[in-house]
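Student: I would like to go through this complex with you. Could we begin with the model itself and then turn to the interface?

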Amino acid sequence: MMSKSDIDKVREKLANSSVGIAGIGGLGSNAAMALARAGIGRLVIVDFDNVEESNLNRQAYTVDQVGMRKTEALMQNINKANPAVDVTAFFMELEPGQMDYPFSSVDIVVEALDKADTKALFIEEISMKYPDKPIIAASGVAGVGGTERIRLKRSGNLYLVHDDDAPSCDESVVLAPRVGLFAHWQASLVIEILLECENVN
Amino acid sequence: MSINVNSTTQAWVQNETVKTLLIRMNYVFPLVVVKIDGEVIPKSQYATIEIPDGSTVEVIHLISGG
């Protein structure tokens, strides 16, 4: 059982931690909100899209935010949920060869991108440029049901929450409950890895 | 004379590159991350890096959606 001082240690560790999130759509916006509520001290969010009405079935934005930059909208929402979080936003597209620089100062990187080829390039580049940084990636969020197929694979510092039998987002819908499972699993892994280092879980 | 690919034993083929291994395994290669003995191989080197005998290859498949 955690003692009161252990709980304080957890809070302190999370408040002193930083997490970078690449892409703030269905995965990234939901993971960011969970991490903000959990008390992560600093979040770095990266995206180049605006909020669209079609995003609202799965992403952590609201009707009045349609048309805003996702980075601005998510900053607002994080600030409402937990104003203690220090948010750094990069409104930019991640281009191969320079995908790493928003993440130079964070402890852990969450891959929350959309297209499979971009996911692969991002994982490659971050693994090579920051071999010691944990990367939490996700694959196979589209479709309905099949949640029992979702698994975690670990390969060195790469953690992948995946459903290898899922359709791609070009073939099926992506809806809040299922993408939320992946996003929250990613956020949960972040906390687990941060606290493992502290030995307080 | 064998290699391990995603936890299955496969024959080792002399001078086989990452690219030709992926074709042999039927993987579509813009959508994967490949590691040989724990090290990530960039896509630009798939056509030149050869798979060493006895190595462990991980091919991590990625599906669009986020």
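This is a predicted model: local features need pLDDT of at least 70, side-chain atom pairs count only at pLDDT 80 or more; totals for chains, interfaces and linings use all residues.

Tutor: The conversation below goes through the model, its two chains, their interface and some single residues.

Student: Good. What is the secondary structure of chain A?

Tutor: Chain A has 5 helices and 7 strands, where helices (H or I, at least four residues) and strands (E, at least two) are DSSP runs numbered from the N terminus. From the N terminus on, the order is α-β-α-β-α-β-β-α-β-β-β-α. The radius of gyration of chain A is 16 Å, close to the 17 Å that the globule rule gives for 201 residues, so chain A is as compact as a globular protein of that length. That radius is taken over C-alpha atoms, and the globule rule is 2.2 Å times the number of residues to the power 0.38.

Student: And what box do the C-alpha atoms of chain A fill, and how much of the chain is buried?

Tutor: Along the principal axes, the C-alpha atoms of chain A fill a box of roughly 50 × 40 × 35 Å. Of the 201 residues of chain A, 52% count as buried; buried means under 20% relative accessible area, exposed over 50%, and partly exposed in between (1.4 Å probe, protein chains only). Among contacts (heavy atoms within 4.5 Å) in chain A between residues at least 6 apart in sequence, 67% join residues at least 24 apart.

Student: What about chain B, then? What pattern does it follow?

Tutor: Chain B has 1 helix and 5 strands, in the pattern β-β-α-β-β-β along the sequence. Its radius of gyration is 11 Å, close to the 11 Å that the globule rule gives for 66 residues, so chain B is as compact as a globular protein of that length. The C-alpha atoms of chain B fill a box of roughly 40 × 25 × 20 Å along the principal axes, and 41% of its 66 residues count as buried.

Student: Now the interface. How many residues are in contact, and what area is buried?

Tutor: 30 residues of chain A are in contact with 18 residues of chain B. The area buried between the two chains is about 1,800 Å², of which carbon and sulfur atoms give 62%; buried area is the accessible area (1.4 Å probe) that two parts lose on being put together, summed over both. In chain A, A:A116, A:E124 and A:S155 lose the most area to chain B, together 27% of what that side buries.

Student: Which residues form the salt bridge?

Tutor: The rule finds 1 salt bridge across the interface. B:K43 pairs with A:E124, the closest N and O atoms being 2.4 Å apart; the rule asks for a side-chain nitrogen of Lys or Arg within 4 Å of a carboxyl oxygen of Asp or Glu. The elements that give two or more residues to the side of chain A that touches chain B are α2 (26-38), α4 (116-129) and β7 (158-162) of chain A. Of these, α4(A) gives the most, with 9 residues.

Student: Changing topic: which residues of chain B have a positive phi without being glycine?

Tutor: Among them are B:N15, with phi near 60°, and B:N26, with phi near 65°. Most residues other than glycine have a negative phi. B:N15 is in the loop between β2 (8-11) and α1 (18-24) of chain B and is exposed, with a relative accessible area of 52%. B:N26 is found in the loop between α1 and β3 (32-36) of chain B and is exposed as well, at 68%.

Conventions
Residues are numbered from 1 along each chain as its sequence is written. Chains are lettered from A and ligands numbered from 1 in the order in which they are written. Side-chain values use heavy atoms; hydrogens and water are left out.
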